[in-house]
Amino acid sequence: VMPIVSSRKFGLTYLYQPPFCQQHGVFGNNVSADLVKEFIIAIKSKFRFAEIMLNEINELQVDGVIQNVNITLALSKNIEEIRKAYNDNTKRNIKKAEQSGLTVHKGFAIENLISLFKANKGKTLEKSDKWYKILKTLAYQLHYKGYANTYNVINQKNEIIAGILLIEFNKRAILLFSGAVNEA
């Protein structure tokens with residue numbers, strides 16, 4: 001199965017990645033590079049433009065397809081092994097955060113996170129009120145089902161300066177949304 005979402009603009013039918021859907025692609029048993037290629041070729045014959053993110057098991061070598069990297073972190077390792085693999089910049093940032101007295105709070109404060117995003121990065125992205133409403137509804141549904149939490153970074157003045165919406169499902173943690181003040 002390969003779910004796709006299309007729309008039409010200026011007489012052109014195209015595929016796009018739905019909001020807050022991190023990955024699409026071919027899903028099923030025995031997914032091979034040849035099978036993925038067949039799906040992509042079939043798509044190219046019907047749609048002139050596609051901007052979709054394939055899931056990480058979809059290996060693909062097709063002309064006109066740009067491959068991006070999905071960063072994953074194996075959480076099966078213990079914390080010390082993970083910390084040893086941090087690059088120097090990450091180590092500096094952690095030390096700086098500790099020295100600044102920043103703390104992390106787990107909970108569910110999606111409205112705070114959305115407000116933080118809107119006031120900073122959201123100004124340049126110009127997302128619609130509908131987009132934010134979808135995010136809020138999705139976050140509440142995922143939280144209700146036990147899959148979502150927010151993690152907020154609080155400064156010494158008790159202000160939220162950064163935060164994430166993290167989804168935990170099927171032994172995976174997925175960063176779905178984040179926000180930060182410009183100086184964070």
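How many helices and strands are there in the chain? The chain holds six helices and seven strands, assigned as DSSP runs (helices, H or I, at least four residues; strands, E, at least two) and numbered from the N terminus. Their order along the sequence is β-β-α-β-α-α-β-α-α-α-β-β-β.

The model is predicted: local features need pLDDT of at least 70 and side-chain atom pairs pLDDT 80 or more, while totals for chains, interfaces and linings use all residues. Residues are numbered from 1 along each chain as its sequence is written, and side-chain values use heavy atoms, without hydrogens and water.

Along the principal axes, the C-alpha atoms fill a box of roughly 55 × 40 × 30 Å. Of the 184 residues, 26% are buried (under 20% relative accessible area, with a 1.4 Å probe and protein chains only). Contacts are defined by heavy atoms within 4.5 Å. Among contacts between residues at least 6 apart in sequence, 57% join residues at least 24 apart.

Aromatic rings form nine pairs. Rings of Phe, Tyr and Trp (its six-membered ring) pair if their centres lie within 6.5 Å; planes under 30 degrees apart count as stacked, over 60 as edge-to-face and the rest as tilted. The ring centres of Y14 and Y16 are 6.1 Å apart and the planes meet at 50°, so this pair is tilted. Ring pairs also link F20, F117, W131, Y132 and F177 into a cluster.

K118 sits over the face of Y132, 4.7 Å from the ring centre (criterion: NZ of Lys or CZ of Arg within 6 Å of the ring centre and within 35 degrees of the ring normal).

Notes. Buried means under 20% relative accessible area, exposed over 50%, partly exposed in between (1.4 Å probe, protein chains only).
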